[in-house]
Amino acid sequence: MSKAVETNYARPKLHVGKILTRTIKMLWEFYPVLLPIVLLGAVIQGIMQSLPSVFLERILSIISNFIDTGDWSSAEGLVFQNVALLATFYVIGLLANIISTQCMAIVTQGALQKWRSKMFSHMQALPIRYFDTHLNGDVMSYYTNDIDAMRQMIGTSLPNLLFTFVVIIAVVFIMFYYSALMALVVLFGVSLMTLATKNLGGKSAKNFVKTQKTTADVEGHIQEMMNGEKVVKVFSHEAETINSFNKINDDLMIVARNANLYANTLMPILNNLGNIMYVIVAVVSGVFIALNIQNISLSGLPFTIAVAVPFLNMTRQFSAQINQISSQINSVVMGVAGANRVFELLDEPAETDKGYVTLVNSETIDGQVQEAEYRTGYWAWKYPHSDGTVTYTPIKGDVRLFDVDFGYEPGNTVLHDISLYAKPGQKVAFVGATGAGKTTITNLLNRFYDIEDGKIRYDGININKIKKSSLRRALGIVLQDVNLFTGTVLDNIRYGRLDATDEDCVKAAKLAGADDFIKRLPNGYHTMLKDNGSALSQGQRQLISIARAAVADPPVMILDEATSSIDTRTEAIVQRGMDALMYDRTTFVIAHRLSTVRNADVIVVLDHGRIIERGTHDELLAKRGTYYQLYTGAFELE
């Protein structure tokens, strides 16, 4: 876990502008029509929101003129016209707001749905290495915390900020239109508010970013502990587990507390600065009026009470918009941090595949192997050549490794000069202590990882030339750790070949020896399985796994010894199913119990990534070497 956590904190500096630009660009690509409507609606709404001060000045001027002239007849009509016009603008703003928010709801939820789809699709294309080096909980956090942070940013914060900026720009223009000197006074107060926002808001934002990352660590730890709860209880490590969780949880509390402390400190400061600025504008306005200071403005109006009152209103409005920016900035930063993590996932290099040899259904016509458009039960390698010709090689299950070297990390070789072969129908068993390289070899056969040196050939074809999907279709695998999915028993068996009929699945279950217990389930083959088939025993789950491999009917099987974690009686049942599965197939067996490999055609003994012995059971016993000592108990296998 520590490795994944360290990776989490080793990320480069967050580039807010670049990530925000990329987010908006993708939103535009998702909704090229709706997003402009949202933007236009926010602009119209912002402009409409900033106009009341203009109408207030007009109405006050009309009333002031009425006081001076006493002519109410003309003043009444002008007041009504301005009030009616203002009401019209309010209605326009309301309609723009309704349309904008409705469109924004579609854009937000639709964009998140598209992002989740992109993430999940891309995740299926990632190499196994990615999942071996990342915690499940951390990966889940992309779909929960990070997407939720993006939802808040896209659906609320960005529209509010756009509206706020429009209002600020409009208000600044109106201020300079009426009085440049008073506008400068307001902007001076705004600069103080901006400085406070930059210092305290910046510190708050940094801690909110850390909160986003630390939350992923907490979720990863919880997921890991949930998966290993039985192990925790077996070793009575509840106290240690609680302590390790509390440490990570405390880290989350500290960064979240700091983020909110800065945020909670900022808002009272901004509110008081806004109040102080309001008082300053009121005092300066009074001085301007009392001293009859000449007004510098685009409007050409003198600075009177009719201008001062709207200015006070605009000052209050300006302060409110600065406060709005400050309250939204943390949501934006958290959303950017979430988007950054989402983009990190999307930018992870997908599994490369330069293979061009494919596995196809075949049939033999006039002694020639040809591709069939329907399932025949026979397979062939379709090998296109550079001269445009295509050859079809019937699949046999001949697998050979030549001088293979491999390391999970550069400079750390774990397999050294591995050479072995498995002829069609042979059973090859790998024996050795934990870490000897048994599972690594099977990972290379599936091309979950690519070799550093040497060659692996399947029916004489370099597996690098075979498309990975075709290669894996030609390799069945039964893992020691069974994974059953939510669905019926029938669905889980059919997972081995999605076009398999119900009859095919039942036939595979009978072959695996699972038919008997499946029929005794409450709904037989239609019994719903949940939580990785937790209602079934380990042996029953393993039999379903074997049936799933059997329905795929591959010519080569890899068996990560499925009987190592079940009782002796169940082992006999599972072993019969595995024997039926291995019949007439090339099989690679990772052996945890040496009693299960006595009938292997060849037993390969591995030690620290090297083959130290090979031969049949009797031959290796006669050598009285490492295998003999393992078999007789002189050495421990695991």
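In the hairpin formed by β1 and β2, where two residues lie between the strands, Asp 366 takes a positive phi near 55 degrees. The two strands, β1 (residues 358-365) and β2 (residues 368-371), pair in the antiparallel sense over four bridges, and Ile 365 stands opposite Gln 368 in β2. Helices (H or I, at least four residues) and strands (E, at least two) are DSSP runs numbered from the N terminus, and two strands pair if DSSP finds at least two bridges between them. This is a predicted model, in which local features need pLDDT of at least 70 and side-chain atom pairs count only at pLDDT 80 or more, while totals for chains, interfaces and linings use all residues. Residues are numbered from 1 along each chain as its sequence is written, and side-chain values use heavy atoms, with hydrogens and water left out.

**Chain overview**

- The chain has 20 helices and 16 strands, and buried residues make up 46% of its 638 residues; buried means under 20% relative accessible area, exposed over 50%, and partly exposed in between, with a 1.4 Å probe and protein chains only.
- Among contacts (heavy atoms within 4.5 Å) between residues at least 6 apart in sequence, 75% join residues at least 24 apart.

**Nonpolar cores**

- The largest nonpolar core holds 59 residues, of which Trp 115, Met 119, Met 150, Met 175, Val 186, Phe 311 and Phe 318 touch the most other members; such a core is a set of buried Ala, Val, Leu, Ile, Met, Phe, Trp, Tyr and Cys residues joined through side-chain atoms within 4.5 Å.
- Two or more residues of this core come from each of α2 (16-30), α3 (34-50), α5 (72-125), α7 (136-178), α8 (180-227), α10 (238-290) and α11 (305-347), with the largest share, 16 residues, supplied by α7.
- Trp 115 has its place in helix α5 and counts as buried because its relative accessibility is 0%.
- Leaving aside neighbours within four places in sequence, Trp 115 is in contact with Thr 23, Met 26, Leu 27, Phe 30, Ile 147, Met 150, Ile 154, Val 342, Phe 343 and Leu 346.
- The C-alpha atoms of Trp 115 and Tyr 143, which are 28 residues apart along the chain, are separated by 9.3 Å.
- Met 175, when residues up to four places away in sequence are not counted, touches Ala 180, Ala 183, Val 186, Phe 311, Met 314, Thr 315 and Phe 318.

- Helix α12 is mostly covered, with seven of its eight residues buried, namely Lys 438, Thr 440, Ile 441, Thr 442, Asn 443, Leu 444 and Leu 445.
- Arg 447 is found in the loop between α12 (438-445) and β8 (453-458), and its phi is near 60 degrees, a positive value in a residue other than glycine.
- Most residues other than glycine have a negative phi.
- Arg 447 counts as buried because its relative accessibility is 6%.
- Leu 471, in helix α13 (residues 468-473), is buried, with a relative accessible area of 0%.
- Not counting residues up to four places away in sequence, Leu 471 touches Leu 445, Asn 446, Arg 447, Tyr 458, Ile 463 and Ile 466.
- Between the C-alpha atoms of Leu 471 and Arg 447, 24 residues apart along the chain, the separation is 8.3 Å.

- Asp 459 is buried, with a relative accessible area of 13%.

**Second largest pocket**

- About 560 Å³ of space lies in the second largest pocket, a volume being the space filled by probe spheres set on grid points that are joined across faces, edges and corners.
- On a 1 Å grid over the protein atoms alone, a pocket is an open set of points where a 1.4 Å probe fits, with protein on both sides within 12 Å along at least five of seven lines, and lining residues have an atom within 4 Å of a point.
- The lining has 23 residues, of which Gly 377, Ala 550, Asp 553, Pro 554 and Arg 585 lie nearest the centre of the pocket.
- Helices α15 (502-512) and α17 (538-552) each supply at least two lining residues, and the largest share, four residues, comes from α15.
- By class, the lining has twelve nonpolar, three polar and eight charged residues, where Ala, Val, Leu, Ile, Met, Phe, Trp, Tyr, Cys and Pro count as nonpolar, Asp, Glu, Lys and Arg as charged, and the others, Gly among them, as polar.
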